[in-house]
Amino acid sequence: MNKIIGFLLGTFVYAAFMFAGNARELRLTSPGGIQEISFYQKQTAPAVNGLFYQVSFKGQSVIEESCAGLELDNRIWEMALGQRKLIQPACWMDNLEVDSVTYTPTADNIWKPLYGERSEVRDHYNAATLHLSKKDGSLYRLDIEVRAYDEGVAFRYFFPEHPRATFHKVVGDLTEYTLPAGTKAWSEQWAQAFFEYLDINELKRPVERALTLELPGGLWTALLDADADDWCLTKYQASAVKKNTLTSVMYSPVDVVTYYATPWKVIMTAEKPGDLLEHNDIIQNLNPPCEIADAAEWVRPGTIMRETTISTEGAVATIDFCAEHNIPYMLFDWLWYLPCTSHDGDATKVVDKLDMPRVVAYGKEKGVGVWVYVNQHALMKQARELFPILREWGIVGVKSGFVQYASHRWATWLHDLVRLAAENHLMMNIHDEYRPSGFSRTYPNLLTQEGICGNEEFPDATHNVTLPFTRMINGAADYTICYFDKRLKTTHAHQLAASLVFYSPLQTIFWYDKPSFYHGEPEVEWFENLQTVFDDTKVLDGTPGKNITMARRKGQEWFLAAMTNNDGSKENVSLSFLDKGKTYLAYIYTDGGKEVKTRTQVKCSYLLTDASKVMKFDLKPSGGAAVRFVPVSKDEAKKYKKYKGEVL
């Protein structure tokens, strides 16, 4: 599907169209004057035009002069359509010429997502388009659409409709990112990998996006994409010929029919790493609005627990546990149909030990919806048959597993699968390597996705406090909290905190657990009251690999989470985010050690506090803390002691 998004209109902003020698330039500054981006063309050899761009933040260089453009191989299509005498330049971009620059009025809008990390999103940017064409009789044109937000800059390549209906085969992305010498990257080679902290020149293999960069001048930058449902996976790799330069690596060619827009390339820059996460609404803003007219009637976020026995008896027990602990969903993972990793599998037939109609009916009676896992083999073979059947059964959501996602073919297949699910009122959770680029704004039935080295891999705490500043910038992630499992490498208070830090509208808890594992641990009340979508979100403190402290609000209640690395840390958290003039009861969950006589050793404290206080934590190695703040009346407050600054 071609993606054409008109620029939103607002107040006109003036920016100069500059001519300097043989260079023609687009120069754009964000509304607050924070981010600046420029595109320009200059000759790099006789009859060879190079397209370049630069980015700065508050006057400090972020992206130095870097190449831009795409490589196309249209020769076969040209001959098929009778254009057999066109000169083939060494690079498709070489004989493009800048025709003009168009500046559009400033956009400034507030919109309300169906759900998110905040209930209102501001979409505020300046925009311009650089228009290029070829003068060789081919009638080829290329536009560079650019937006400058205070949070970052974005650009994409747009092919206007070709009058001769010529197809375009994109075989390479020429976009480079030349960064200041000494820039370091928090990189991973695939979506479920652990992180390496390397100089960008050491990125010898393609690495994932978001790619978070620590610049030598103290700035933090993240490279991402947005609106990528009709494209292939693109990664970053150190250039073999240019120092301090990252190149773009396309997984496969992309065949397009004009008119056509590529995904947005996003460059976020901030003075603190936490700002990159707090500003990630830029990804949603670069995606089309919701396409599901009745989404609010059936797309409902919440927590979910897996049923591990794949049996009727186990499902009934799990539904009872979910109902008792305010968990609105239960999942049957793989093996509820067989063989689930073969094309011979049939997801319309349930294994004998599971009475699906009885389980779904019992779930409805208890207010617990049932999700099912479906492997790619069955989805490829029978999705159009299967999805209406699942809806008829009363299934509310599908978790897709081991799906292909990287090539252009499989990217469009996967996103079309989400559209098909929406037609059948099914929510979705895409697992394995897929990473989000904002598609859930357009199709919010895609509640979440994996694309993360989550808890089922039992990562350590240092990995966990790297994720918020890297992977989580992309959007929601199904981290799969494994609360009672003995293989955990973190404390249980760390696990509680993770369920808030790792945003996911569908938040999986108790992944490897059974109802029988619960022995009345009092801190489970945190999960009972946990929200998965919020009205406001603030990143209070943090550095990759060291620590993270976040606060999120739902209605009048605030939730706080602090996580530390393998070494532990001391955290002083200002509560100034709370509403002034209100008294709150703080439900505090910390690692209590051997003094707490439960298996999880989580200490539960209940203290009164307000916005004037600073809450102090001594986080144990691999530990954390979680706090729920609930406004209380004067009469209710009489039952509790006040927090007086003691270390928790």
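Student: Where does Ala210 lie?
Tutor: Helices (H or I, at least four residues) and strands (E, at least two) are DSSP runs, numbered from the N terminus. Ala210 sits in the loop between strand 14 (196-199) and strand 15 (211-214).

Student: What should I know about the source and the numbering?
Tutor: This is a predicted model, in which local features need pLDDT of at least 70 and side-chain atom pairs count only at pLDDT 80 or more, while totals for chains, interfaces and linings use all residues. Residues are numbered from 1 along each chain as its sequence is written, and side-chain values use heavy atoms, with hydrogens and water left out.

Student: What kind of peptide bond joins Arg209 and Ala210?
Tutor: Look at omega. The bond between Arg209 and Ala210 is cis, with omega about 5°.

Student: Which residue is joined to Thr258 by a cis peptide bond?
Tutor: Tyr259 is, and omega is again about 5°. Tyr259 lies in the loop between strand 19 (254-257) and strand 20 (260-261).

Student: How many helices and strands are there in the chain?
Tutor: The chain has 14 helices and 37 strands. Along the principal axes, the C-alpha atoms fill a box of roughly 80 × 60 × 45 Å.

Student: Is Asp225 buried or exposed?
Tutor: Buried means under 20% relative accessible area, exposed over 50%, partly exposed in between (1.4 Å probe, protein chains only). Asp225 is buried, at 12%. It belongs to strand 16 (residues 220-226). Over the whole chain, buried residues make up 62% of the 648 residues.

Student: Which side chain makes a polar contact with the side chain of Asp225?
Tutor: A polar contact is a pair of N or O atoms within 3.5 Å; within protein, one must be able to donate a hydrogen and the other to accept it, and residues adjacent in sequence count only if both atoms are side-chain atoms. Asp225 pairs with the side chain of Arg209 at 3.2 Å. Arg209 is also the residue joined to Ala210 by the cis bond. Leaving aside neighbours within four places in sequence, Asp225 is in contact with Arg209, Trp264, Val266, Ile283 and Ser437.

Student: Which residues does Gln83 touch?
Tutor: Not counting residues up to four places away in sequence, Gln83 touches Glu78, Gly137, Ser138, His162, Arg164 and Thr166. Side-chain polar contacts link Gln83 to Arg164 at 2.8 Å and to Thr166 at 3.4 Å. Gln83 is buried, with a relative accessible area of 10%. Its place is the loop between helix 1 (75-80) and strand 7.

Student: Where is Thr104 found?
Tutor: Thr104 is in strand 7 (residues 96-111). Thr104 counts as buried, at 14% relative accessibility. Thr129 is 25 residues from Thr104 along the chain, and their C-alpha atoms are separated by 8.3 Å.

Student: How far apart in space are Asn529 and Ala293?
Tutor: They are 30 Å apart, C-alpha to C-alpha, and 236 residues apart in sequence. Asn529 is in helix 13 (residues 525-529), and is partly exposed at 26%. Not counting residues up to four places away in sequence, Asn529 touches Phe559 and Arg628.

Conventions. Contact means heavy atoms within 4.5 Å.
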